[in-house]
Amino acid sequence: MVKVGVVMGSISDWDTMKQCCDMLDYFDIPYEKDIVSAHRTPDDLFQYAELARGKGINVIIAGAGGAAHLPGMLASKTTIPVIGVPITSKLNGYDSLLSIVQMPGGVPVATMAVGAAGAKNAGIFAAEMIGSFESEVAAKLAYYKKELENRVEQMRGELHE
Ligand SMILES: Nc1c(C(=O)O)ncn1[C@@H]1O[C@H](COP(=O)(O)O)[C@@H](O)[C@H]1O
């Protein structure tokens, strides 16, 4: 059963949002991906939010750029937690970031950094949410953290070579 719903406002967001799907693959978390736009397909957005829980989705990751209303509008229509990924834009993603992060009180969106690193972290953060109740995912997260530590150890070696 699908556990994470990954949505983006346009196919032009895919290069970035792929980073989050790569992390979900790494942690063996089943997900679905789709393109939904608050501006271009508002009816689809409402339908997506309404059907998500029934599909078994525990977390939604939504990436959008510019006037990035997609994550916030999803959050307004569902009680499933929404992670927002600001996509780099003509204004370097500042507009996307502020559109996503500045939600009114009562409608939270867990906002990541702009661009690829944010998308990657969104995948890891979703895994952490699922890992809080699935021990197999928690074990994979612990292994991942160990690998990060090993990589720094390797960097220290390279620095002193
Ligand atoms: N911000 C949104 C929404 C939305 O918030 O619903 N729908 C599309 N977009 C964004 O428009 C940008 C340009 O899209 P195009 O490349 O298709 O013109 C994309 O980054 C997309 O996320």
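This is a predicted model: local features need pLDDT of at least 70, side-chain atom pairs count only at pLDDT 80 or more; totals for chains, interfaces and linings use all residues.

Student: How is the packing of two helices described?

Tutor: Two packed helices are described by the angle between their axes and the distance between the axes. Axes are lines fitted to C-alpha atoms, for helices over the stretch in contact, and angles run from 0 to 180 degrees between N-to-C directions. Helices (H or I, at least four residues) and strands (E, at least two) are DSSP runs, numbered from the N terminus. Here, H5 (residues 116-131) and H6 (residues 135-159) pack with their axes 8 Å apart, at an angle of about 135°.

Student: Which class does the angle put H5 and H6 in?

Tutor: H5 is therefore oblique to H6. Angles under 35 degrees count as roughly parallel, over 145 as roughly antiparallel, 65 to 115 as roughly perpendicular and the rest as oblique. The H5 and H6 crossing is left-handed. A crossing is left-handed if the near helix is turned anticlockwise from the far one by less than a right angle, and right-handed if clockwise.

Student: Which residues make the contact between H5 and H6?

Tutor: Two residues are in contact if their C-beta atoms, placed from the backbone, lie within 7 Å. On the H5 side the contact is made by Ala127, Glu128, Ile130 and Gly131, and on the H6 side by Val137, Ala138 and Leu141. By class, the contact of H5 with H6 has 5 nonpolar, 1 polar and 1 charged residues. Ala, Val, Leu, Ile, Met, Phe, Trp, Tyr, Cys and Pro count as nonpolar, Asp, Glu, Lys and Arg as charged, and the others, Gly among them, as polar.

Student: How do H1 and H5 pack?

Tutor: Their axes come within 7 Å and cross at roughly 30°, so H1 and H5 are roughly parallel to each other. The crossing of H1 and H5 is right-handed. Residues of H1 in this contact include Thr16, Met17 and Cys20, and those of H5 include Ala119, Gly123 and Ala127. The contact of H1 with H5 divides into 11 nonpolar, 3 polar and 2 charged residues.

Student: What is the geometry of H2 against H3?

Tutor: The H2 and H3 axes come within 9 Å and cross at roughly 50°. H2 and H3 are therefore oblique to each other, and their crossing is right-handed. Leu45, Phe46 and Ala49 of H2 meet Met73, Leu74 and Lys77 of H3. That contact of H2 with H3 has 5 nonpolar, no polar and 1 charged residues.

Student: Why is H3 described as largely enclosed?

Tutor: A residue is buried if 20 or more other C-beta atoms lie within 10 Å of its own, exposed if 12 or fewer, and partly exposed in between; C-beta atoms are placed from the backbone. In H3 (residues 70-77), 6 of the 8 residues are buried, so the helix is largely enclosed by the rest of the structure. The buried ones are Leu70, Pro71, Gly72, Met73, Leu74 and Ala75. Their cover includes strands S1 (4-8), S3 (59-65) and S4 (82-87), along with helices H2 (42-52) and H4 (94-101).

Student: Is Glu136 buried or exposed?

Tutor: Glu136, in helix H6, is exposed, with 12 other C-beta atoms within 10 Å. The C-alpha atoms of Glu136 and Phe27 are separated by 9.1 Å, and these residues are 109 apart along the chain. In helix H5, Gly131 is partly exposed, with 19 other C-beta atoms within 10 Å.

Student: Which residues other than glycine have a positive phi, and where do they lie?

Tutor: One of them is Asp28, with phi of about 55°. Asp28 lies in the loop between helix H1 (14-26) and strand S2 (31-35), and is exposed, with 10 other C-beta atoms within 10 Å. Another is Asn92, with phi near 60°. Asn92 is in the loop between S4 and H4 and counts as exposed, with 11 C-beta neighbours inside 10 Å.

Student: Which residues come nearest to the ligand?

Tutor: A residue is near a molecule or strand if its C-beta atom, placed from the backbone, lies within 6 Å of it. Of the 17 residues around the ligand, Gly9, Ser10, Ser12, Ala38 and Gly65 come nearest. The shell has 7 nonpolar, 8 polar and 2 charged residues.

Conventions:
Residues are numbered from 1 along each chain as its sequence is written.
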